[in-house]
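Visitor: I would like to learn how to read a structural model feature by feature. Could we take the general idea each time, and then the case at hand?

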Amino acid sequence: MKDNYDFSLSVKNPYTKKLKKQVTIRLEEDVVEYFKSLAEETGISYQSLINLYLQDCVKSQRKPSLEWLSKA
């Protein structure tokens with residue numbers, strides 16, 4: 001291993017903009033269970049499925065319905 005390395009000709013990582021950001025989000029239990037059951041069917045982690053769904057919403061500019069359901 002060298003004592004010093006020359007990074008003067010290095011290039012920034014082009015994928016840094018695509019890195020995921022960790023956030024804390026509160027989801028209702030039925031939402032998590034739904035995505036966990038999809039995860040079992042597809043073999044994709046439920047976190048990845050939630051991310052894929054949200055990415056699809058962003059790409060299609062889908063907005064949530066603001067007609068809140070009552071918990072009766």
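Predicted model: local features only at pLDDT ≥ 70, side-chain atom pairs only at ≥ 80, totals over all residues.

Visitor: How many salt bridges does the structure hold, and is aspartate 56 buried, partly exposed or exposed?

Guide: The structure holds one salt bridge. Aspartate 56 has a relative accessibility of 36% and therefore counts as partly exposed, and arginine 62, at 40%, likewise counts as partly exposed.

Visitor: How should I read the packing of the helices, and at what angle do helix 1 and helix 2 pack?

Guide: One reads the angle between the axes together with their separation: helix 1, residues 29–42, and helix 2, residues 46–59, pack at about 105° with their axes 8 Å apart. Because angles of 65 to 115 degrees count as roughly perpendicular, helix 1 is roughly perpendicular to helix 2. On the side of helix 1 the contact is made by Val32, Phe35, Lys36, Leu38, Ala39 and Thr42, and on the side of helix 2 by Tyr46, Leu49, Ile50 and Tyr53.

Visitor: Where is leucine 27 found, and with which residues is it in contact once its neighbours within four places in sequence are left aside?

Guide: Leucine 27 is found in the segment before helix 1, and, with those neighbours left aside, leucine 27 is in contact with Val32 and Ile50. Val32 of helix 1 and Ile50 of helix 2 also take part in the contact between the helices. Leucine 27 itself is partly exposed, with a relative accessible area of 37%.

Visitor: What is the phi of glutamine 61 near, and how does one read such a value?

Guide: Most residues other than glycine have a negative phi. Glutamine 61, by contrast, has a phi near 55°, a positive value in a residue other than glycine. Glutamine 61 is found in the segment after helix 2 and is exposed, with a relative accessible area of 60%.

Visitor: Turning to the whole chain, how many helices and strands are there, and what is the radius of gyration?

Guide: The chain has two helices and zero strands. Its radius of gyration is 20 Å, well over the 11 Å that the globule rule gives for 72 residues, so the chain is more spread out than a compact globule. Along its principal axes the C-alpha trace spans about 65 × 30 × 20 Å, and 8% of the 72 residues count as buried.

Methods. Residues numbered from 1 in each chain as written. Heavy atoms only, no water. Axes fitted to C-alpha atoms, helices over the stretch in contact; angles between N-to-C directions. Helix = DSSP H or I, 4+ residues; strand = E, 2+ residues; numbered from the N terminus. Parallel < 35°, antiparallel > 145°, perpendicular 65-115°, else oblique. Contact = heavy atoms within 4.5 Å. Buried < 20%, exposed > 50% of the residue type's maximum accessible area, 1.4 Å probe, protein only. Salt bridge = Lys/Arg side-chain N within 4 Å of Asp/Glu carboxyl O. Rg over C-alpha atoms; globule rule 2.2 N^0.38 Å.
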